[in-house]
Amino acid sequence: MARIIDGKAFATRVRALVADQVAQMKKETGIVPGLAVILVGENPASAVYVRNKGRQTVETGMNSFEYILPADTTADELLAVIARLNGDPAVHGILVQLPLPGHLDADLVINTIDPAKDVDGFHVSNVGLLGTGQKAMLPCTPLGCLMLLRDHLGDLSGLNAVVVGRSNIVGKPMAQLLLGDDCTVTIAHSRTRNLADICRDADILVAAVGRPGMIPGDWIKPGATVIDVGINRIKSDGRAKLVGDVDFADAVRVAGAITPVPGGVGPMTIACLLANTLSACCRANGLAEPEGS
Ligand code: NDP
């Protein structure tokens, strides 16, 4: 049976570390890191994420600024809010909750954020820095996955990693991070041929697709480490339930280690967001960054 990688416990430790560092910064300098989150529209899942982010930001001792804007907010209005936050010295991180309503150009909006405050790591400058192996603000979900992998496996050098999914927010940056840790990386997607065989070759298998249980146990190499990024809402026995992209009950018998859904990658995303905000605050104020940032 696979070891269950407890992302919830790991994220709790990361948040506690961030809270200690925030308290120390406050005591020594009087500076308090600030995170601004912008939500446009009424997507219920996004509203829950934004609430959780705000609550955990405050719990770690940082300032949380929430901007809940109506669904018909124009691009000019949204860009004006971002411009104001870019210039606000009390704000060290800015996050625009995705997806945006269809009339807003997400690339334009994200690229309006000051890259130094882009704590989601989605600005094209940060994407370019990551892609060229330079120090960048790293996207939170892939960073969380990497932290879990390093914690479980130690040195990742030379391992075969397969990332299923090539989105800009998960799959591609995940692959870049694994490459940065000297894995041999394959990125698979909806047009990939022989996906099962490719997955069976993976020492590290990262699933970021958005299809409930699409990866069965017999696609997994015995002993492999499986990171399930998928968050899918399904109905089971008439009850709503969250499941990943991996068939957990099947995979747990084959893998060496696996993240559950919920309680695996999900909690790491917000923990990394808070760590990124602290790092951005340190850089903005010429302070030494916390170790490992
Ligand atoms: P996207 O929909 O943007 O990307 C999905 C990717 O999966 C695409 O690259 C797509 O390929 C690929 N894909 C779709 N069907 C198949 C298939 N049959 N075989 C192989 N590849 C396939 O999703 P995201 O990357 O945004 O999210 C992926 C999952 O991760 C979702 O469940 C999401 O909820 C979850 N998520 C979890 C987070 C967390 O905090 N834990 C944060 C962000 C996302 P193609 O490009 O060819 O279309």
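## Residue Thr57

Thr57 counts as buried, because its relative accessibility is 1% and the cut-off for that class is under 20%. The structure described here is a predicted model.

Thr57 belongs to helix H2, which spans residues 44–59. Apart from neighbours within four places in sequence, the residues in contact with Thr57 are Leu35, Met62, Asn63, Ser64 and Leu274. As for Asn168, this residue stands 111 residues from Thr57 along the chain, and the C-alpha atoms of the two are separated by 25 Å.

## The sheet

An open sheet is formed by 3 strands, arranged in the order E3-E2-E4 and paired in parallel. Its edge strands are E3 (63–69) and E4 (93–96), each of which pairs on one side only. From one strand to the next, the twist averages 15°.

Strand E2 covers residues 34–40 and runs parallel to E4, to which 4 bridges join it. Within this part of the sheet, Ala36 is placed opposite Ile94 of E4.

## Helices on the sheet

How values were computed: Residues are numbered from 1 along each chain as its sequence is written. This is a predicted model: local features need pLDDT of at least 70, side-chain atom pairs count only at pLDDT 80 or more; totals for chains, interfaces and linings use all residues. Side-chain values use heavy atoms; hydrogens and water are left out. Helices (H or I, at least four residues) and strands (E, at least two) are DSSP runs, numbered from the N terminus. Buried means under 20% relative accessible area, exposed over 50%, partly exposed in between (1.4 Å probe, protein chains only). Contact means heavy atoms within 4.5 Å. Two strands pair if DSSP finds at least two bridges between them. Axes are lines fitted to C-alpha atoms, for helices over the stretch in contact, and angles run from 0 to 180 degrees between N-to-C directions.
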